[in-house]
Amino acid sequence: LYYRHDSIVMQVAQAIEAKAKEDGGDDAKEETAADSPAEGVEQVPVDMADKMAELCTNIYQNGTDRQKTRAMLCHIYHHAIHDRFLEARDLLLMSHLQETIPVTGDISTMILFNRTMVTLGLAAFRLGKIWDAHQCLSDICSGRVRELLAQGVSTGRFSDKSPEQEKAEKRRQIPYHQHINLDLLEACHLISAMFLEVPNMAMADSDENRRTRVISRTFRKYHDIYDRQVFTGPPEQTRDFVMTATKALMKGDWKKCSEFLNSLEVWSLVAGENAGAEITTMLTEKIKETGLRTYLLAFSSQYDSLSHEQLCQMFEMGENEVHAVVSKMMINRDLIASWDQPTGTIVMRKIEPSALQILALQFAEKAASLVDANERLLDAKTGNYGYKDGDNWRGGGGQDRYQNRGGNYGGGGRGGYGRGGGGRGRGGRGRGRGRGGGRGDGGDRGGRRFAPSNRREGGNSYGGGNKGNRW
């Protein structure tokens with residue numbers, strides 16, 4: 001019951017009733033007489049929300065821990081597909097499932113949790129809660145979506161799965177009638193990331209001294225790939241439509257952006273009466289608001305003042321809506337400006353950083369580069385580079401991998417009559433010359449390559465020379 005929308009349940013019930021009338025006869029009437037309501041009694045439609053609550057309550061009282069967890073996820077899923085986002089969010093937060101699911105060890109329950117989070121994100125997107133939608137969708141949509149939702153099996157050349165694991169993964173696949181459309185999922189994820197990232201990118205481009213945090217790395221990656229293309233034709237896939245709309249929105253052309261996003265065919269796949277029209281209306285309003293913010297962040301430095309009425313005409317928004325958006329930007333210090341109420345204008349306050357602020361920024365950059373250099377130096381000394389994944393950077397027996405090559409990169413011992421002799425070599429004994437020592441009979445081969453001859457330093461061949469070099 002949990003994955004079916006009420007509109008689908010009603011259509012199925014009407015289809016069954018129509019089929020029964022077509023096949024109606026004496027035998028069918030006798031069979032259905034016991035189940036049909038009495039004459040004169042009105043049949044009350046079943047409220048699926050109450051039915052789900054009743055069934056879940058029974059499991060909460062009498063079921064095992066695994067059954068209670070799955071019942072809670074099904075209850076949240078049913079709330080989410082009917083746009084009851086607040087009820088679904090409260091159930092999720094009160095149950096603390098996001099903390100206990102990773103340690104359950106039950107893969108089927110993890111798959112149900114992923115599907116529930118995706119459905120919750122789609123519900124938030126339909127209601128215009130862009131930030132909540134992005135938070136719910138970003139983890140799932142950043143990687144292997146098909147595998148996480150059990151809607152496909154990855155078949156790679158270098159897969160390390162055994163045949164038993166592949167069979168088990170195929171058995172866990174969700175039936176096709178329960179699939180979540182991946183194009184719709186990608187569209188909602190990228191559009192919600194676009195609404196958050198476009199003003200963020202405009203703010204970073206307008207002020208080089210301001211460092212902004214990356215909100216969606218997936219969206220930034222797709223945007224960079226799209227920017228590097230030499231020739232970009234008309235959009236074909238969902239991702240192309242979103243990237244083209246992003247370019248238009250960054251220029252302040254909200255009408256073109258709205259045309260691209262509203263022309264997506266995936267909105268017709270949303271269940272519910274007039275759901276597609278409601279989504280396009282919501283998108284248009286969000287595009288206007290984001291376009292206004294982006295325009296002010298990108299081009300405010302070119303103006304001394306802006307007319308309130310002109311902004312309303314440019315973005316076809318009401319005066320109260322524009323006033324609310326601009327005032328919020330002023331409060332958050334995104335826009336350094338003030339209202340001039342008598343003339344109805346926005347006066348820009350161009351504040352140049354002081355000498356102390358410039359020095360502080362330079363000091364912060366140098367401190368960051370110094371920390372980075374120290375980390376690299378520490379990696380060079382310890383021999384651990386990149387990520388420390390267990391013993392991947394170590395050889396057998398827990399020893400460092402450089403110690404398993406027969407003395408590679410080792411320092412030489414005392415060579416001949418001098419102190420120094422050996423250099424950085426490839427193992428094996430040889431006659432190497434140290435920087436100040438004598439002939440290095442006991443040193444590693446390679447002295448001629450890495451250490452200058454002792455004759456250049458002025459020492460004799462067999463004397464007790466100076467201290468050898470660091471090799």
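## Confidence in the model

Over residues 28–44, how many contacts beyond four places in sequence does the model have? In this predicted model, the stretch of residues 28–44 has two such contacts, and pLDDT stays under 50 there. For residues 386–471 pLDDT also stays under 50, although the model has 124 contacts beyond four places in sequence for that stretch. Taken over the protein chain, pLDDT averages 75, and 73% of the residues score at least 70.

Arg115 lies in helix H7, which covers residues 107–126. The residue is buried and yet has no salt bridge, since the nearest side chain of opposite charge, that of Asp106, is 14 Å away. Leaving aside residues up to four places away in sequence, Arg115 touches Tyr77, Leu149, Gln151, Ile174, Gln178 and Ile180.

## Salt bridges

The count of salt bridges comes to 10. One of them joins Arg66 to Asp106, with the closest N and O atoms 2.5 Å apart. This pair links distant parts of the chain, for Arg66 sits in helix H4 (residues 65–81) and Asp106 in the loop between helix H6 (97–100) and H7, 40 residues apart. Arg66 is partly exposed, its relative accessible area being 45%.

Another salt bridge brings together the side chains of Asp83 and Arg126, at 2.7 Å from N to O. Here too distant parts of the chain are linked, as Asp83 belongs to the loop between H4 and helix H5 (85–95) while Arg126 belongs to helix H7, 43 residues apart. Asp83 is partly exposed, with a relative accessible area of 32%.

A further salt bridge forms between Asp372 and Arg376, whose closest N and O atoms are 3.6 Å apart. Because these two residues are four residues apart in helix H18 (residues 355–382), about one helical turn separates Asp372 from Arg376. Asp372 counts as partly exposed at 34% relative accessibility, whereas Arg376, at 58%, counts as exposed.

## The sheet and its helix

Three strands form an open sheet in the order S1-S3-S2, and their pairing is antiparallel. Strand S1 (305–307) and strand S2 (337–340) are the edge strands, each pairing on one side only, and the twist from one strand to the next averages 25°. Between S1 and strand S3 (residues 345–348), which run antiparallel, there are three bridges, and Ser307 stands opposite Thr345 in S3. Helix H17 (residues 319–331) packs on the sheet, where it touches S2 and S3, and the direction of H17 makes about 140° with that of S2.

Technical notes: Residues numbered from 1 in each chain as written. Predicted model: local features only at pLDDT ≥ 70, side-chain atom pairs only at ≥ 80, totals over all residues. Heavy atoms only, no water. Buried < 20%, exposed > 50% of the residue type's maximum accessible area, 1.4 Å probe, protein only. Lys, Arg positive; Asp, Glu negative; His and termini not counted. Salt bridge = Lys/Arg side-chain N within 4 Å of Asp/Glu carboxyl O. Contact = heavy atoms within 4.5 Å. Pairing = 2+ DSSP bridges. Axes fitted to C-alpha atoms, helices over the stretch in contact; angles between N-to-C directions. pLDDT = per-residue confidence, 0-100.
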